[in-house]
Amino acid sequence: MKPPYLITKEEILKFYKPVNPLTHKGLQGHAVIIAGSYGKIGAAVLASKSCIKSGCGLVTALIPKCGYQILQISIPEVMVVTDENANFITQINLPLIPKAIGIGPGIGKELGTQKAVFEFLRINKAPLVLDADVLNILAENQSWLELVPEKTILTPHPKELERLIGKWDSEAQKFQKAIAFSEQYKIIIVMKGAPTFIINQTAVCQNTTGNAALATAGSGDVLTGIITSLLSQSYEPLHAAQLGVFIHGLTADIALPKTGYQSFIASDIIKNLGKAFLSLEN
Ligand SMILES: NC(=O)C1=CN([C@@H]2O[C@H](COP(=O)(O)OP(=O)(O)OC[C@H]3O[C@@H](n4cnc5c(N)ncnc54)[C@H](OP(=O)(O)O)[C@@H]3O)[C@@H](O)[C@H]2O)[C@@H](O)CC1
Ligand SMILES: Nc1ncnc2c1ncn2[C@@H]1O[C@H](COP(=O)(O)OP(=O)(O)O)[C@@H](O)[C@H]1O
Ligand SMILES: [Mg+2]
């Protein structure tokens, strides 16, 4: 494997698109976040909020009924569609054609949810970000990976990666297996960790931002929202993944002097998104 190339501010600025002064919400992209189940509606809140705070024009969240009031009260800017089931997602019927969809945070692995994921993958045409339980569902139903469109972005943490590609004996073997998986399904793997690597078939790049403050519940859910937002703003999938992990890490680097490692929480990533985006422009 060639040494990975580094995702630096300089590299990001080669494709970063400042917001056009004449844009409107319809042009900024409509993203959909499919997330949450009873006890994990927080994952849907975090992903939806980070999505709307990363520049897309409209966000619709699809969640089970139990999350309706929680989501509407937490983020009035986000529209909500509820499943007929109270506690977990059983059907994915969207009343719109989204520019991008992020699916998986907190959805669980109930059989009804697994069936809904299968039906969704069968008919979906939108660019996708796959995270958390949808990765676990795919790991248990590997033939469904054939339904995943090319250039889909998968964002596994190490355990989710292991469930997908199997155990590895060494770091070198982990990369070998991840590259083979990315080539087989023509997908982009955001291999989350410290640091995060992005695997796009044989090309590997390494993020240069972020710190241990990110080792906190929900920080991956927030990353899913950020990348989905960028994808819905028409960034190429690889660029959406690179800019997403760079900005996500940057929020923690910016916040650290004020929060320290211990008090930083996933909501602090969202709180610092503005400063992180601004730092790209000066
Ligand atoms: N507020 C909410 O609603 C929240 C909802 N959430 C949602 O909950 C669902 C379950 O997600 P999850 O990731 O907690 O469970 P799971 O996939 O079993 O992974 C845990 C295993 O992975 C390992 N592991 C993880 N990271 C690792 C690393 N860097 N390096 C090494 N190992 C690592 C770790 O291994 P350990 O070290 O503990 O042996 C552990 O065994 C999911 O849908 C998510 O979106 C959460 O986002 C939280 C906030
Ligand atoms: N020590 C660390 N240094 C840098 N980034 C980290 C560290 N620990 C975790 N992260 C980042 O935090 C995020 C954790 O994602 P994930 O495990 O999916 O969280 P959750 O499922 O709780 O939302 C990833 O982006 C990962 O790269
Ligand atoms: Mg996660």
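Entry 1: A residue is near a molecule if its C-beta atom, placed from the backbone, lies within 6 Å of it.

**Entry 2: what I am reading.** This is a predicted model, in which local features need pLDDT of at least 70 and side-chain atom pairs count only at pLDDT 80 or more, while totals for chains, interfaces and linings use all residues. Residues are numbered from 1 along each chain as its sequence is written, and chains are lettered from A and ligands numbered from 1 in the order in which they are written.

**Entry 3: ligand 1.** I counted 16 residues around ligand 1, with K40, G42, A43, A132 and K159 nearest. The elements α2, α6 (158-165) and α8 each give two or more residues to this shell. Helices (H or I, at least four residues) and strands (E, at least two) are DSSP runs, numbered from the N terminus. The most comes from α6, with three residues. The shell around ligand 1 has five nonpolar, six polar and five charged residues.

**Entry 4: annotated positions.** I checked UniProt, where an unreviewed entry places the feature "binding site" at A43, G106, H157 and D221. Such annotations may be inferred rather than shown by experiment.

I found A43 in helix α2 (residues 41-52). Why does A43 count as buried? A43 does so because it has 30 C-beta neighbours inside 10 Å; the cut-offs are 20 or more for buried, 12 or fewer for exposed, and partly exposed in between. Beyond four places in sequence, the contacts of A43 (C-beta atoms within 7 Å) are A35, G36, P105, G106, G218 and D221.

D221 lies in helix α8 (residues 219-232). D221 is also buried, because 30 C-beta neighbours fall inside 10 Å. With the neighbours within four places left aside, D221 touches A43, L46, A47, P105, G106 and A266.

**Entry 5: the sheet.** I traced an open, mixed sheet of 10 strands, in the order β1-β10-β9-β8-β7-β6-β5-β2-β3-β4. Strands pair if DSSP finds at least two bridges between them. At the edges, β1 (5-7) and β4 (79-82) each pair on one side only. Strands β6 (residues 128-130) and β7 (residues 153-154) run parallel and are joined by two bridges. L130 has L154 in β7 as its bridge partner.

Technical notes: Contact = placed C-beta atoms within 7 Å. Nonpolar A, V, L, I, M, F, W, Y, C, P; charged D, E, K, R; others polar.
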